[in-house]
Amino acid sequence: SGRLPRSIVQLHPGQRHALLVDSRRSRLYVFENADGRPQYVADYYVTLGKRGIDKAREGDQKTPIGVYHVTANLPRQKLSDFYGAGAYPINYPNEWDRRLGRNGYGIWVHGTPPDTYSRPPRASDGCIVLANPDLLLVGRFMQVGMTPVIIAEEVEWADATAVQAERATLSAALEQWRVDWESRDADRYLGHYSPAFRAGAQDLAAWAAHKRAVNAGKAWIRVGLGQVSMLRYPNQANFVVVTFAQQYRSNNLSNTMRKRQYWQKEDGRWRIFYEGSA
């Protein structure tokens, strides 16, 4: 009572709900977006991987730990009876999983066969499994491409003032990154990136060279950010996934995209160590 899940730092207005799995307690919590802050709605019993959590390899029968999003809604009519009332795939492996060399596929939130009400706490091949009546209730909260599914070893609870303080410091770091990008001062802009930064095949040196070359051809830059969500990564110290809508304009280019960044606190300062499209 009176405490919030530390992993849900901020939801953007379009995200109506977030799901949070506590693997130790075999519980799936549903939170409503109340002006960007999580508000408890309900919780449900879930079955997870036969061999526990922290998935790393295809076929290891483990459930992943991390921040994911619902990618599809697969109705019962398109599935075998094994999946029960339906299924909602999530985007495992995500960017961080791939960077760590983790592989596998087909991690879903789904139901049980019609002749099964529920299963033991550790009985799936890695998926998150609910009883069919519960899946139908949870399905009302699912938005494809929008609903975060955060899977943790154990939910970390914090008081509202601590969550608010973290939201404020992250928001300030993101805003300063935006301002420094607009300034076209490459040193100020690149100061927001970790020495461990990678984006695809680019390390920080390649990223810096590219950005300096691009900035040299700009007379002005304007960057707008909207629909910002901030989700703390489970089992990682000071590690947050930031997703937003980016509107970019310059004297010779204009585009809009969904962007995802991974921020980590280094020497007391938030820095970016991954950036790409969402």
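Two strands count as paired when DSSP finds at least two bridges between them. Keep that in mind, because strands of a sheet pair through backbone hydrogen bonds, either parallel or antiparallel. One caution before we go on: this is a predicted model.

Let's start with a pair. Strand 9 covers residues 86–89, and strand 10 covers residues 108–110. They pair in the antiparallel sense, over three bridges. Look at Tyr88: its bridge partner in strand 10 is Val109.

Now the sheet around that pair. Four strands form an open sheet, in the order 8-9-10-12, and the pairing is mixed. Which strands stand at the edges? Strand 8 (74–75) and strand 12 (128–129) do. Each has a single partner strand, so one side of each is left without a neighbour in the sheet.

Next, strand 18, residues 239–250. Buried or exposed? Ten of its twelve residues are buried, so strand 18 is largely enclosed by the rest of the structure. Look at its partners. Strand 17, residues 221–232, runs antiparallel to strand 18, and ten bridges join them. Gly226 stands opposite Ala245 in strand 18. The two strands form a hairpin with six residues between them. In that turn, Asn235 has a positive phi of about 60 degrees.

On to strand 19. Strand 18 and strand 19 are also antiparallel, joined by eleven bridges. They too form a hairpin, with three residues between them. Val241 stands opposite Tyr262 in strand 19.

Hold on to Val241 and Tyr262. Both turn up in the lining of the largest cavity. How many cavities of 30 Å³ or more are there? The count comes to one. Its volume is about 30 Å³. The lining is Val67, His69, Asn91, Asn94, Glu95, Val241, Arg260 and Tyr262. Two elements give two or more residues to this lining: strand 7 (66–69) and strand 19 (254–266). By class, the lining has three nonpolar, three polar and two charged residues.

Now for charges. The count comes to 18 salt bridges. I'll begin with Arg6. The side chains of Arg6 and Glu156 meet in a salt bridge, at 3.0 Å from N to O. Arg6 is partly exposed, at 27% relative accessible area. Glu156 is partly exposed too, at 46%.

Arg6 also forms a salt bridge with Glu166, where the closest N and O atoms are 3.9 Å apart. Glu166 sits in helix 3 (residues 160–183), so here the pair ties together parts that are 160 residues apart in sequence. Glu166 is buried, with a relative accessible area of 10%.

Stay with helix 3. Arg178 and Glu182 both lie there, four residues apart, about one turn of the helix. They form a salt bridge, with the closest N and O atoms 3.0 Å apart. The cut-off for buried is under 20% relative accessible area. Arg178, at 16%, therefore counts as buried. Glu182, at 22%, counts as partly exposed. Elsewhere, salt bridges that share partners join Asp22, Arg24, Arg25, Glu153 and Glu154 into one network.

Last topic: aromatic rings. The whole structure has 24 aromatic pairs. One of them is Trp181 with Tyr248. This pair is tilted: 5.4 Å centre to centre, with 35 degrees between the planes. What does the pair link? Trp181 is in helix 3 and Tyr248 is in strand 18, distant parts of the chain, 67 residues apart. Both residues are buried.

Another pair is Phe239 and Phe273, again tilted, at 5.0 Å centre to centre and 40 degrees between the planes. Phe239 lies in strand 18 and Phe273 in strand 20 (residues 269–277), so the pair ties together parts that are 34 residues apart in sequence. Both are buried.

Finally, a cluster. Trp177, Trp181, Tyr189, Tyr193, Phe197, Trp207, Phe244 and Tyr248 form one aromatic cluster.

Key: Residues are numbered from 1 along each chain as its sequence is written. This is a predicted model: local features need pLDDT of at least 70, side-chain atom pairs count only at pLDDT 80 or more; totals for chains, interfaces and linings use all residues. Side-chain values use heavy atoms; hydrogens and water are left out. On a 1 Å grid over the protein atoms alone, a cavity is a set of points where a 1.4 Å probe fits but cannot get out, and a pocket is an open set with protein on both sides within 12 Å along at least five of seven lines; lining residues have an atom within 4 Å of a point. Grid points are joined across faces, edges and corners, and a volume is the space filled by probe spheres set on the points. Ala, Val, Leu, Ile, Met, Phe, Trp, Tyr, Cys and Pro count as nonpolar, Asp, Glu, Lys and Arg as charged, and the others, Gly among them, as polar. A salt bridge is a side-chain nitrogen of Lys or Arg within 4 Å of a carboxyl oxygen of Asp or Glu. Buried means under 20% relative accessible area, exposed over 50%, partly exposed in between (1.4 Å probe, protein chains only). Rings of Phe, Tyr and Trp (its six-membered ring) pair if their centres lie within 6.5 Å; planes under 30 degrees apart count as stacked, over 60 as edge-to-face and the rest as tilted.
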